[in-house]
Amino acid sequence: MTVLALTACAVLAGARSLLAVGEWVADAPPALLERLGTVVDPLLPKRSWPAESTIRRLLARVDADALDRAVGAWLADRQTRNEGLRGLAVDGKSLRGAARTKGRKIHLLAACDHARALVLAQIVFAGQFWPHF
């Protein structure tokens, strides 16, 4: 979980590649690393956080769908239940710099709850065209 938290913070801070994530982690203050779960060794502080290669290997093993469900469930548990009408927004995007075999782009479609600013679900379209609803 620490590597996911570090990666999320790096991306929120503007990191756009795994190399940039590794650099952000290397430059992060020890107090922040500790708050995110990294134990900083006072004798070897440079070796206390994961290197870019470690981050890359761990992220490659993450099941993105399971992570999406876990984060969505965690957020949903923190929301109050309201019986009123619900406003939903559906939005899609193509991931720049990411592709499947044969160069096919990866497309995501997400449904968001307006009132709670919560992503309710997100799915991946492997094809080249958006579905028509």
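Trp24 is partly exposed, at a relative accessible area of 22%; that class runs between buried, under 20%, and exposed, over 50%, with a 1.4 Å probe and protein chains only. The model is predicted: local features need pLDDT of at least 70, side-chain atom pairs count only at pLDDT 80 or more, and totals for chains, interfaces and linings use all residues. Residues are numbered from 1 along each chain as its sequence is written, and side-chain values use heavy atoms, leaving out hydrogens and water.

**Overall build**

- The protein has five helices and three strands; these are DSSP runs numbered from the N terminus, helices being H or I with at least four residues and strands E with at least two.
- Reading from the N terminus, the order is α-α-α-α-α-β-β-β.
- The protein has 133 residues, and 18% of them count as buried.
- Among contacts with a separation of 6 or more, 42% join residues 24 or more positions apart. Contact means heavy atoms within 4.5 Å.

**Residues of helix H2**

- Trp24 lies in helix H2.
- Beyond its neighbours within four places in sequence, Trp24 is in contact with Leu6, Cys9, Ala10, Ala13 and Leu32.
- Trp24 and Glu52 are 28 residues apart in sequence, with 9.6 Å from C-alpha to C-alpha.
- Ala26 is also found in helix H2. Its relative accessibility is 32%, so Ala26 counts as partly exposed.
- From Ala26 to Glu52 the C-alpha distance is 8.8 Å, across 26 residues in sequence.

- In soluble globular proteins, nonpolar side chains tend to be buried together.
- The largest nonpolar core has 10 residues: Val3, Leu6, Ala10, Ala15, Val21, Val25, Ala28, Leu33, Trp49 and Ile55. Such a core is a set of buried Ala, Val, Leu, Ile, Met, Phe, Trp, Tyr and Cys residues joined through side-chain atoms within 4.5 Å.
- Helix H1 (2–12) and helix H2 (18–27) are the elements that give two or more residues to this core. H1 gives the most, with three residues.
- Leaving aside neighbours within four places in sequence, core residue Leu6 is in contact with Trp24, Val25, Leu33, Leu36, Thr38 and Pro50.
- Thr7 is found in helix H1. With a relative accessible area of 13%, Thr7 is buried.
- Outside the four places on either side in sequence, Thr7 is in contact with Val21, Ile55 and Leu59.

**The largest pocket**

- The largest pocket has a volume of about 2,100 Å³. A pocket is an open set of points on a 1 Å grid over the protein atoms alone, where a 1.4 Å probe fits, with protein on both sides within 12 Å along at least five of seven lines; lining residues have an atom within 4 Å of a point. Points are joined across faces, edges and corners, and the volume is the space filled by probe spheres set on them.
- The lining has 44 residues, of which Ala64, Leu67, Leu95, Leu108 and Gln122 lie nearest the pocket centre.
- Elements giving two or more residues to this lining include helix H5 (64–77), strand E1 (88–99), strand E2 (105–113) and strand E3 (118–125). H5 gives the most, with 10 residues.
- The lining divides into 29 nonpolar, seven polar and eight charged residues. Ala, Val, Leu, Ile, Met, Phe, Trp, Tyr, Cys and Pro count as nonpolar, Asp, Glu, Lys and Arg as charged, and the others, Gly among them, as polar.
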